[in-house]
Number of protein chains: 2
Amino acid sequence: MKTKQETRPSTSERILSATLRLMSEKGYRSVTVKQIAAEAGFSEMTVFRTFGSKKAILDRLIENYLYNPPAEKTIRDRLTYDLETDLLMLSEFYHETVAATEQIYLLSVMERSVMPDLHVNIHNNATKFTDIVADYLRTMQEQGKAVKGDPFVQAATLMYFNYGKFATYTMLPRADRLKNLQAAVAVIARGLAV
Amino acid sequence: MKTKQETRPSTSERILSATLRLMSEKGYRSVTVKQIAAEAGFSEMTVFRTFGSKKAILDRLIENYLYNPPAEKTIRDRLTYDLETDLLMLSEFYHETVAATEQIYLLSVMERSVMPDLHVNIHNNATKFTDIVADYLRTMQEQGKAVKGDPFVQAATLMYFNYGKFATYTMLPRADRLKNLQAAVAVIARGLAV
DNA sequence: GAAGCGTGTTAGTAAGCAGTAACATTATAG
DNA sequence: CTATAATGTTACTGCTTACTAACACGCTTC
């Protein structure tokens, strides 16, 4: 535990972020420890001294992710109960959240057959988010502010859209991740309005 | 060229499909030639005799895909110019098309840093499909049967949704790929109706 | 300045894997 | 039945890569 003052990242932190950067691009097997060391700015020996094995670095990455789950805290406080406003806010929040863990997402996709738990975990987080949106839509239906229908299917419509957009821009990096998000959400909001 | 009568697949065909099956799960590097041989029901030697190298199998797979592009033929003929009907038909057609090439899709995702061309090619096919939907929506707008707006953004809304659904079920295989497709498309169709 | 810690360097081992060579066996066609 | 094509078996080479051992260097701290 260092002082809270942000200093130069530690050796293990630099190795971890280098590993994540490389493996989210090429996958576990294609990345060599030598490449990790070079990316982190150390010698290969230091990597082995710090983590013991290549596998241990990956394990630590996943452990770190699982212990710092994407925060879903205070979205509910920000609801205005105006349909389009809220759906846009929820979508923007989703994109912020997943953008922060997109490298872990890519890794989980590429190594899904080796570490199915991680991939399922990430999927479950998305489902949780969909549940929140579904809860919201149920409330809106009760208030006569949203069209009647299965709220989970309605929420999933929005979330599959958001996921499709996220995945596209994550695997094919370009600018403008959120380009046209407002206009697209407006279409869905209109489809859900009364 | 054998007779047209469908016989037992040839050696090279069996090796190719075994390779695609394995590599779409684990990626190029994690699959050994020995595993390919076992999956195809041959000895390792036969694989090398047939293709010369591991890389050559992959090259052939991609070549086959590029020479048999997903057919987009006669969708336009099937349009009814009823918004929801057509958007559902287009979505179903999209899912049929991509389901047929989902293994190539998975491979292109996992090897995207090694073969960016394939990944971009697949993305371009999706964009072409979006263009078709956008053309359709433009026509519908002109006929006063769809709400005014940028038709490409409208089409992309539907297609990001479809892609999100496809990707979810492809990377996390379960039954019911098209479950709730109709209800979800109905939401989007409602958002696009006049 | 001595001790200890973090890091680098060099050399090496062991395992896995792509690919080759040579010969044996089985299946198929004429 | 025989010749040929397809496939199997075994043994091997060479390369890559995870990982270890041993020693050297420099920086901080007391």
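Reply: In this predicted model, B:Asp59 and B:Lys55 form a salt bridge, and their closest N and O atoms are 3.4 Å apart. The pair counts because the rule asks for a side-chain nitrogen of Lys or Arg within 4 Å of a carboxyl oxygen of Asp or Glu. B:Lys55 and B:Asp59 are both found in helix H4 of chain B, which covers residues 54-67. They are four residues apart, or about one turn of the helix.

How many salt bridges does a search of the whole structure find over all chains? The total is ten. Across the interface of chain A and chain B, however, the rule finds zero. What is counted between chain A and chain B is six residue pairs in polar contact, both residues being at pLDDT 80 or more.

On the side of chain A that touches chain B, the elements that give two or more residues are helix H1 (11-26), helix H6 (102-110), helix H7 (116-142), helix H8 (151-171) and H9 of chain A. H8(A) gives the most, with 13 residues. By type, the residues on this side of chain A are 22 nonpolar, eleven polar and seven charged.

As for the extent of the interface, 40 residues of chain A are in contact with 40 residues of chain B. About 3,500 Å² is buried between the two chains, and carbon and sulfur atoms give 63% of that area.

One part of the interface can be followed residue by residue. Helix H9 of chain A and helix H9 of chain B, each covering residues 181-192, pack with their axes 7 Å apart and at an angle of about 100 degrees. H9(A) is therefore roughly perpendicular to H9(B), because angles of 65 to 115 degrees count as such. From H9(A), the residues that meet the other helix are A:Val187, A:Ile188, A:Arg190, A:Gly191 and A:Leu192. Their partners in H9(B) are B:Val187, B:Ile188, B:Arg190, B:Gly191 and B:Leu192. Sorted by type, the residues of this contact are six nonpolar, two polar and two charged.

Last, the overall build of chain A. It has nine helices and zero strands, so its pattern along the sequence reads α-α-α-α-α-α-α-α-α. The C-alpha trace of chain A spans about 65 × 35 × 30 Å along its principal axes.

Conventions:
Residues numbered from 1 in each chain as written. Chains lettered and ligands numbered in written order. Predicted model: local features only at pLDDT ≥ 70, side-chain atom pairs only at ≥ 80, totals over all residues. Heavy atoms only, no water. Axes fitted to C-alpha atoms, helices over the stretch in contact; angles between N-to-C directions. Parallel < 35°, antiparallel > 145°, perpendicular 65-115°, else oblique. Contact = heavy atoms within 4.5 Å. Nonpolar A, V, L, I, M, F, W, Y, C, P; charged D, E, K, R; others polar. Buried area = accessible area lost by both parts, 1.4 Å probe. Polar contact = N/O pair within 3.5 Å; in protein donor to acceptor, adjacent residues only side chain to side chain.
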